[in-house]
Amino acid sequence: MFIINCPYCGKRDQSEFSAGGEAHIERPKQPTELSDDQWAEFLFMRKNIKGVQFERWNHAHGCRKWFNMVRDTSNDKIHAVYKMSEKPPKE
Amino acid sequence: MKNKYSIFSLIKNAFSNHENWQQAWGNPEPKKKYDAVIIGGGGHGLATAYYLAKKHNMKNIAVVEKGWIGGGNTGRNTTIIRSNYLWDASAGLYDHALKIWENLSQELNYNIMFSQRGVMNLAHNLQDVRDLKRRTHANRLNGIDAVWLNTEEVKKFCPIINTSPNIRYPVLGGTLQRRAGTARHDAVAWGYARGANEMGVDIIQNCEVKGIKRNGDVVEGLETSKGFIKTNKVGVVAAGHSSVIANMAGLKLPLESKPLQALVSEPVKPIINTVVMSNAVHAYVSQSDKGELVIGAGTDAYVSYTQKGSHDVVEGTLKAILELYPIFSRMKMLRQWGGIVDICPDASPIISKTNIKGLYFNCGWGTGGFKATPGSGDLFAHTIANDEPHKLNAAFNINRFVSGDLVDEHGAAAVAH
C-alpha cells in the first residue's frame, strides 16, 4: 500500500488505482505474420522483475486516465511517474 | 538411520527431559557435485527431493534454500487441502495429491496433523449456484467426492454461518468435499526434510542461488553464496521468486508475483468445525488446533515482492467475514502476514521441462499450492528423473502458453484467484 502521485490529479491512495502490468510491451505491428512463439511472448511472458520495474497504472476511481510508473517491486518505492505520451526516464 | 517416532520414543525421551532427541536433519556444507539440485526448501521442493530419492533412487542430490526450510509460503499459507477442481487435468493433479495426503503421516513417520474436516464452498447468487452445481457434477465424474447442500444443510453443517436472506450476499447453498481439510504446514516441510535426509539428501540452508551456469542449452551448475555446485539437473521450486531464478538462466516465464495475505485471531474454544470458503465475497476461514481463526484474504492487484500486502485487502475480507459470521464481531486479530505468490495467466501451475536441457520448473501455483505439496513433489520428481512429464502433469507444461491449450481454472477452481 502506497501513495501514487497521479500526473493529472496529484497524490492519492493506491486503492484508487488499478495496476495494468508491465509497460512498454508493444502490440505487434503485423499480427497476421506472428508465430505462436511470438504471440506467447506478447500475451503471456513477463519480466516480473524483483527491483525497478516499468509499469502501467490507471486512476480507476479518479480521472480514469492511464499513465506509466517506475517502481521498485522489492520495497514498493515509486521512482517516477510519467504520462503515456512521455518517454520513460533513464534508470 | 533415523529413530522411529512413536508413543514409546515419546515416553523414553520424557525421562531425559526431551533433551536427547536425535537431530531430524543435518546441516551440511554443499558437496562439489550432485546428480540433481533442487532450488527452494519449501514443502514442494523438499517433497521433490524425497520422491527423487525414494522412487527414483537419486540419492546424491541436494536442496538449496535461501533462508530456512519451510520459511516461505509453506509457513505462510492457510493450510487448506482440497481437490474439487473443475477441469479433468486439475482434478487428476489435485486428487493425486489428496490421496497421498491421506497416508502421509504414516509414510513419513511424522504427524502432519492431516484433518479431513471437509471444505465447504458457499454460493451467494444464482450464477454461483449454477457454477457450483456444475462443479460437483464434474468432480463426481472424476471420482472426487462432492455434494451440493441447500441453505438449511449449510446451516446444519456449520451453525455459526448467518443464513438470513437479508444480508448483502445471502447464502443460497454450498458444496462440500468431505475428504478435504487441513494439515499442519510446518510439519509437512519438516517431515519431508527428515525423510529425504534419512535417504542421504543434503539440505543446505542459508544458501542463496546467485546464478545458473549454462553451456549452450545445457545446465552445468549453480553459483551460490556457498560456492559453485556442479550438477546437470536443476529443479526450480522457488514460488514467488521463480521469475528471478528464470532470469538468471535467460528465461522468461508467464508469471506475475503478488502479495497474498492471511491473518489469525486470538485463540478461542472450538467454534467452527470445517473450512468455509466463499468465492463471491472472498473470505475463507477455518480454526487451527490452537483455537485461532485462520483467515485468508486476497492478493494485491500489482506485482510486489514485499511480503506485506495492502490494508484495504484485509479490510474487505474482514467485512465479509463479519457479515457471514456476526458471532466474530468482538474477536481480535493477532497476526497478519503476506507471502509472494506466482500467478499464471490461467491460474494453473507449471510442472515442466524447459528448452534448456536439465532445467526444470515447478511454479505458478499462485494462491493455492499448499494442497498439492505431495502430488507436486511426486510428479516433479518423475519429470526430473525421466526427463519426461508424468501423464498427470503433462497438461501443465510450459508450452501450453504457446499452443494455447490452457488449463483455465480462473473462477472455476472453487475460489477466486
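Q: How many residues sit between β18(B) and β19(B) in the hairpin?
A: Five residues separate β18(B) and β19(B), and B:Gly358 in the turn has a positive phi of about 90 degrees. This is a predicted model: local features need pLDDT of at least 70, side-chain atom pairs count only at pLDDT 80 or more, and totals for chains, interfaces and linings use all residues. Residues are numbered from 1 along each chain as its sequence is written, chains are lettered from A and ligands numbered from 1 in the order written, and side-chain values use heavy atoms, without hydrogens and water.

Q: In which sense do β18 and β19 of chain B pair?
A: Antiparallel, over four bridges, with β18 at residues 350-353 and β19 at 359-363. Pairing takes at least two DSSP bridges. Strands (E, at least two residues) and helices (H or I, at least four) are DSSP runs, numbered from the N terminus.

Q: Which residue is the bridge partner of B:Lys353?
A: B:Tyr360, in β19(B).

Q: And what is the strand order in the open sheet of chain B?
A: Six strands, β8-β2-β1-β12-β19-β18, with mixed pairing. The edge strands are β8 (202-204) and β18 of chain B.

Q: Do β1 and β2 of chain B run parallel or antiparallel?
A: Parallel, joined by four bridges. B:Ile38 has B:Val63 as its bridge partner in β2(B).

Q: Switching topic: what is the volume of the second largest pocket?
A: About 470 Å³. A pocket is an open set of points on a 1 Å grid over the protein atoms alone, where a 1.4 Å probe fits, with protein on both sides within 12 Å along at least five of seven lines; lining residues have an atom within 4 Å of a point. Volume is the space filled by probe spheres set on the points, which are joined across faces, edges and corners.

Q: Which residues lie nearest its centre?
A: B:Thr79, B:Arg184, B:His185, B:Ser288 and B:Glu292, out of 22 lining residues.
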